[in-house]
Amino acid sequence: MQNPGFDLLKEAFKKFAQKHDGEDLGNRLVRSVAAGGEAAVNKGLTEFPKAFVKTVAQDFFNMVTSQEVADGVSLSARSFDEEKVKETLDTLVAKLQEPETSLKVAKQIKDVLSKASTDDLENSIEALMDGRPMGEQMIFKMFFAQAKPLIDGMRDASEEEIAEQVRDLAATIPTDAIASQVAALTKEVTPERVSKQAHDLVGKLPSPGAVSEILHGVAGLASKKLGDISNSPNASLDAKNLLGEFVAEAQAVVKEKIANDDQNKKTFKKGGQDFSL
């Protein structure tokens with residue numbers, strides 16, 4: 001039996017859906033979010049004016065290139081305990097000689113060799129060791145140098161055979177020589193070298209003025225595009241296109257500011273002076 005109450009409810013929901021269709025709700029939501037984003041960006045531009053951003057960037061660059069930082073980095077590197085490093089390396093080599101560890105390493109080698117060339121494996125090891133202590137990096141590089149001639153043979157070997165080769169290779173690693181080499185390298189980390197590297201690094205970065213120009217240029221574009229979205233009658237459809245335009249225009253701003261900054265540095269150096277931050 002048909003219930004007239006249900007018919008009334010269906011009609012009510014039908015009218016509501018027609019009045020508040022999904023597209024209209026989507027447009028309203030996108031416009032609302034965009035308007036809030038535009039206000040937030042504009043507030044940020046007010047709170048962080050160009051002069052302030054430039055000063056903060058200048059202070060940061062000054063800190064990075066300061067004598068205090070150079071002295072601290074140098075002292076940390078030169079306060080090197082060769083014996084402790086040798087103990088660490090000995091522990092690592094001993095671990096590689098354990099059957100359980102060598103078998104795990106062998107399984108990883110076998111898996112990688114099934115998917116990659118010898119060169120790919122070497123690149124993977126270098127990427128894996130990036131950021132590790134210098135002593136460990138040298139051990140693995142030496143380990144790979146010794147293992148490289150055997151790798152092609154490992155492709156057809158069993159995991160147990162590879163594990164045995166790993167143990168044999170580990171036993172030949174001269175931890176005392178590596179620790180001594182690391183010690184010699186750390187002694188070269190003088191304040192002068194650290195300072196030069198810091199200045200070289202900062203010299204390749206955009207100047208504080210350029211950092212400020214880039215930040216405000218990109219933020220200004222973001223504010224404009226968010227404003228366009230908030231005022232668009234078809235915000236849901238236009239948002240994607242407008243955001244795509246923003247990315248392209250922002251990249252152009254960054255490229256232009258950096259190019260101008262590089263040219264200013266070159267012009268400044270013509271007087272025989274180094275570019276100063």
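Predicted model: local features only at pLDDT ≥ 70, side-chain atom pairs only at ≥ 80, totals over all residues.
I took buried to mean under 20% relative accessible area, exposed over 50%, and partly exposed in between, with a 1.4 Å probe and protein chains only. Residues are numbered from 1 along each chain as its sequence is written, and side-chain values use heavy atoms, with hydrogens and water left out.

**Entry 1. Salt bridges**

I counted as a salt bridge a side-chain nitrogen of Lys or Arg within 4 Å of a carboxyl oxygen of Asp or Glu.

I looked up glutamate 245 and found its side chain in a salt bridge with that of lysine 225, at 2.9 Å from N to O. Glutamate 245 belongs to helix H13 and lysine 225 to helix H12, so the bridge ties together parts 20 residues apart in sequence. Lysine 225 is buried, its relative accessible area being 5%. Glutamate 245 counts as partly exposed because its relative accessibility is 37%.

I then turned to lysine 257, whose side chain forms a salt bridge with glutamate 213 (3.6 Å, N to O). This pair links distant parts of the chain, with lysine 257 in helix H13 (residues 235–269) and glutamate 213 in helix H12 (residues 208–230), 44 residues apart. Lysine 257 is partly exposed at 24% relative accessibility, and glutamate 213 is partly exposed at 31%.

I also noted the salt bridge between the side chains of lysine 104 and glutamate 100, at 3.9 Å from N to O. Both residues lie in helix H6 (residues 99–113), and because they are 4 residues apart, about one helical turn separates them. Lysine 104 and glutamate 100 are both exposed.

**Entry 2. Aspartate 261**

I located aspartate 261 in helix H13. Aspartate 261 is buried, with 7% relative accessible area. Taking contact as heavy atoms within 4.5 Å, and leaving aside neighbours within four places in sequence, I found aspartate 261 touching Leu205, Pro206, Ser207 and Ala210.

**Entry 3. Helix H4 against helix H11**

Axes are lines fitted to C-alpha atoms, for helices over the stretch in contact, and angles run from 0 to 180 degrees between N-to-C directions. I read an angle of about 125° between helix H4 (residues 67–78) and helix H11 (residues 191–204), whose axes are 8 Å apart. Angles under 35 degrees count as roughly parallel, over 145 as roughly antiparallel, 65 to 115 as roughly perpendicular and the rest as oblique. H4 and H11 are therefore oblique to each other. On the H4 side I listed Gln67, Ala70, Asp71, Val73 and Ser74, and on the H11 side Pro191, Val194 and Ser195.

**Entry 4. Helix H5 against helix H10**

I found that the axes of helix H5 (residues 82–96) and helix H10 (residues 175–187) come within 9 Å and cross at roughly 140°. H5 contributes Glu82, Val85, Lys86, Leu89, Asp90 and Val93 to the contact, and H10 contributes Thr175, Asp176, Ile178, Ala179, Ser180 and Ala183.

Notes
Helix = DSSP H or I, 4+ residues; strand = E, 2+ residues; numbered from the N terminus.
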